[in-house]
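User: Hi! Could you walk me through this model while I have it open?

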Amino acid sequence: MTRLLHSTRDAQLAVGLLVVLLATWELLARLGVLTPETAPAPSVIASAGSDLVAGGLFFDVRITLTYVLVAFVLALVLGVGLGLLLSSWPLVAQVSVGFLTFLLSVPKSLFLPLFILVIGIGGDQKIAFGAFSSFAVIVMATMVGIASVDPNLVAMARSQGARRREVFSKIYLRSMMPTLLEAARIAMILNITGVLIAEMYVSRQGLGYLVNLYGQTFQVAPLLAVIAVITVIGIALNELLRWCERRQDRWREGT
Amino acid sequence: MSTVDEVRGRPVADVALPEPERDRSRRTLLGWRLAVVALLLVCWELVPRLMSAPSAFIVPLSASLRAGADQWSPIVGSLWPTLSAILVALVFAWLVGIVAGFVIGTSPRLRFLLLIFGALYAVPLVVVYPLISVWLGPGQVSKVLFASLYGVIPVLLTTASGVRSVDEGLRRSAQSMGASPRQLLTKVLIPAALPVVVSGLRLGGGLVLIAVIVCEMLASTSGGIGTLITAYRVQFNAGAVYFCILVVLAFALVMDQTLGAIERRVAGDAAKTTRTQPTPG
Amino acid sequence: MTIPQLNAERPLTDEAVIRVTGIQHSYHTARGPVPALENVDVSAGPKRFVSIVGPSGCGKSTLLMILAGLITPTAGDRYVAGAKVTGPQPDKVAVAFQDACLLPWRSALDNVAFPLELRKDPRAEREARGRELLEKVGLAGYADRYPRELSGGMRQRVAVARALIQRPAVLLMDEPFGALDEQTRMDMGEELLRLWDEIHNTVIFVTHNLAEAVYLSDEVIVMAARPGRVVERVLIDLPRPRPVEITETEKFLHLRNRLWRLIRSQE
């Protein structure tokens, strides 16, 4: 209970701080302390944003979001599948964990040219690279999830006549769910980053393309407006998945 | 409980083995991993030959190595901008992250800032790079600033959580023994939080590397090996692209292993070595 | 006082609801196989309450898992109701595990109804039977609680209810009250007997608490360790029903001490 109170108070303070920062920024810009070319006032950014919306910003939002969501589903399905497969043999699991851990810490953008060379520069490539960005996380989480299933629960279900398929769906999958959902949330962040990097690298549309365009042409107000939109999307998707986690976590302690 | 042996799910990590057996299994694991790497390299050599793919897209290993030899001097020349940016950004990210994390972690009044930094974790920070390069130009400075920003957040968050997780009882008992605030910091807080802090340093280190490479690939005037990769891609010199990727992967491996070794040494053998926190990018 | 004794070598009657014969079992370790059970015969007749006691490491839990069909022994046969079987028999044999083994993401009711769900019974029937069983173990008001919201004793009651919902001819219990405090353990024992009076099936009960074994059982199988083997079967001819006060009678203490000496003599 006190924790809840604390966290709402923290949230109020955080929002308060952001408001104060924005107000100061606005004030400094109006007083002419900040140059409008490099640091336009929040109000200017907002109007640039509404111009963008009028000019068809939602088209790009939809494109990027579509890529992100398709990449997310792709990574989830393939990642869980491969994770289950690799977990079937202890030696294979142990050997592959090393590679996966390495893949987690490596700059995924390195492989972007490879994706372009092999797949081209269309939407397929954005989706493929987005999925690739989060693939290792999901495979890894699946394997960790499987290893953490309580063998006693499996024995219990078997003693009550559960068949292989039922043991999988009612014990394994359900036990792995918290791990998988957390991995899915992290994967979503990685998918967004991956798709944006791919769009910033080579593309004609999408939010990443806009960021790159306004950056190259030194249009800071629309650039900041697009960054704000991306920030909102990132936080919204993250909170959505966090909500899913909490919802199915009701039976767990401490959340 | 021996009864679970038959029904247990397969363990992934080599836990709970007696010491000599764990060593042996570690060695056999390394052997298997090297074998897989060798297999991959052989496939890389053979598959493009058998597929007779166009040489602008997929080339065998030997052709990549030859391309690397041809382009040896520009590749070596590009390493310094990359390495220096990584080192400087690493120092910034670690220093700022540890200091800020300590301050925020020990002060209940500043705790709400963690909420903001936590939320920033969900934001794809790559999109900030164009902004920084507008402000500072696309050279080394903007690269270092962006990479520091990218790396500082996990260092800050883990340091703060490490400090906050220091046992309240430990703190109180030290105070009851008459520890001054400074002694409390150097003798209790820092040693107790160190394992967690070091794991954050490793995480931040990985992110700094990622960020530097991303900047270099995005900005053609930024210099460094990432820029070179993009240049070779535009020239359809696939062999040189793959060679540069190999160089960076090798560097990433060395860096990750070094940081991992430090982490293990600090955290002691008892600490878990698998990473659960992934790195974006 | 003479205590009737059963010979461990006595030929098994076909009457036995569950029985295993000639069980050998060894575990594989890095240093080669380690024998866990050697030439073990165990059987239980209809409506008998049989306990298995012995020092830790005597393989009594392993034996129970073999009886449950969850572990395939290295050698030996297992019969349920006269027929040879190799796997779990959920329609005849139910197991209550050491640490309750509840599914943490399910409410008490859904845990109790789990075996019926596996049997694909209709939902309404599952719920009705589940509630009935929860009421029987005194948890009528706790149907919607998650396991973490229940005390250790309550969790174990849920586990017992879940085993009983299968209407098993044989109920196997693996130190079900081992993790509970002494007071709760006594209460649970008393309650188990009350339940068993109603259901009156065959129970095989593994425990390391000798008083508990004497209080509950019709006969007690004493095992020894290294390798795990049956030492003796002791008949407990205390009258039923058994009020708690029976634990203070001379006969009870005598039986308990006899078990104690049997176990001590094997060390």
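Analyst: Happy to; we can go from the overall fold to a few contacts.

User: Great. What should I know about the model and the numbering first?

Analyst: This is a predicted model, where local features need pLDDT of at least 70, side-chain atom pairs count only at pLDDT 80 or more, and totals for chains, interfaces and linings use all residues. Residues are numbered from 1 along each chain as its sequence is written, chains are lettered from A and ligands numbered from 1 in the order in which they are written, and side-chain values use heavy atoms, with hydrogens and water left out.

User: Thanks! How many helices and strands does chain A have?

Analyst: Chain A has 10 helices and zero strands. Helices here are DSSP runs of H or I with at least four residues, strands are runs of E with at least two, and both are numbered from the N terminus.

User: And how much of chain A is buried?

Analyst: Buried residues make up 52% of its 255 residues. Buried means under 20% relative accessible area, exposed means over 50%, and partly exposed is in between, with a 1.4 Å probe and protein chains only.

User: Switching to packing: at what angle do α2 and α10 of chain A cross?

Analyst: Helix α2(A), residues 42-54, and helix α10(A), residues 220-248, cross at roughly 75°, and their axes come within 8 Å. The axes are lines fitted to C-alpha atoms, for helices over the stretch in contact, with angles from 0 to 180 degrees between N-to-C directions. α2(A) and α10(A) are therefore roughly perpendicular to each other; that label covers 65 to 115 degrees, while under 35 is roughly parallel, over 145 roughly antiparallel and the rest oblique.

User: Which residues make that contact?

Analyst: On α2(A), Val44(A), Ile45(A), Ala48(A), Gly49(A) and Leu52(A) take part, and on α10(A) the partners are Ala221(A), Pro222(A), Leu224(A), Ala225(A) and Val226(A). Contact means heavy atoms within 4.5 Å.

User: Nice. Now Arg174(A): where does it lie, and what is it in contact with?

Analyst: Arg174(A) lies in helix α8 of chain A. Leaving aside neighbours within four places in sequence, Arg174(A) is in contact with Ser169(A), Gln248(A), Trp251(A) and Trp105(C).

User: Is Arg174(A) buried, exposed or partly exposed?

Analyst: Arg174(A) has 24% relative accessibility, so this residue counts as partly exposed.

User: Last one: what does Leu63(C) touch?

Analyst: Not counting residues up to four places away in sequence, Leu63(C) touches Val20(C), Leu37(C), Val40(C), Val42(C), Ile52(C) and Met223(C).
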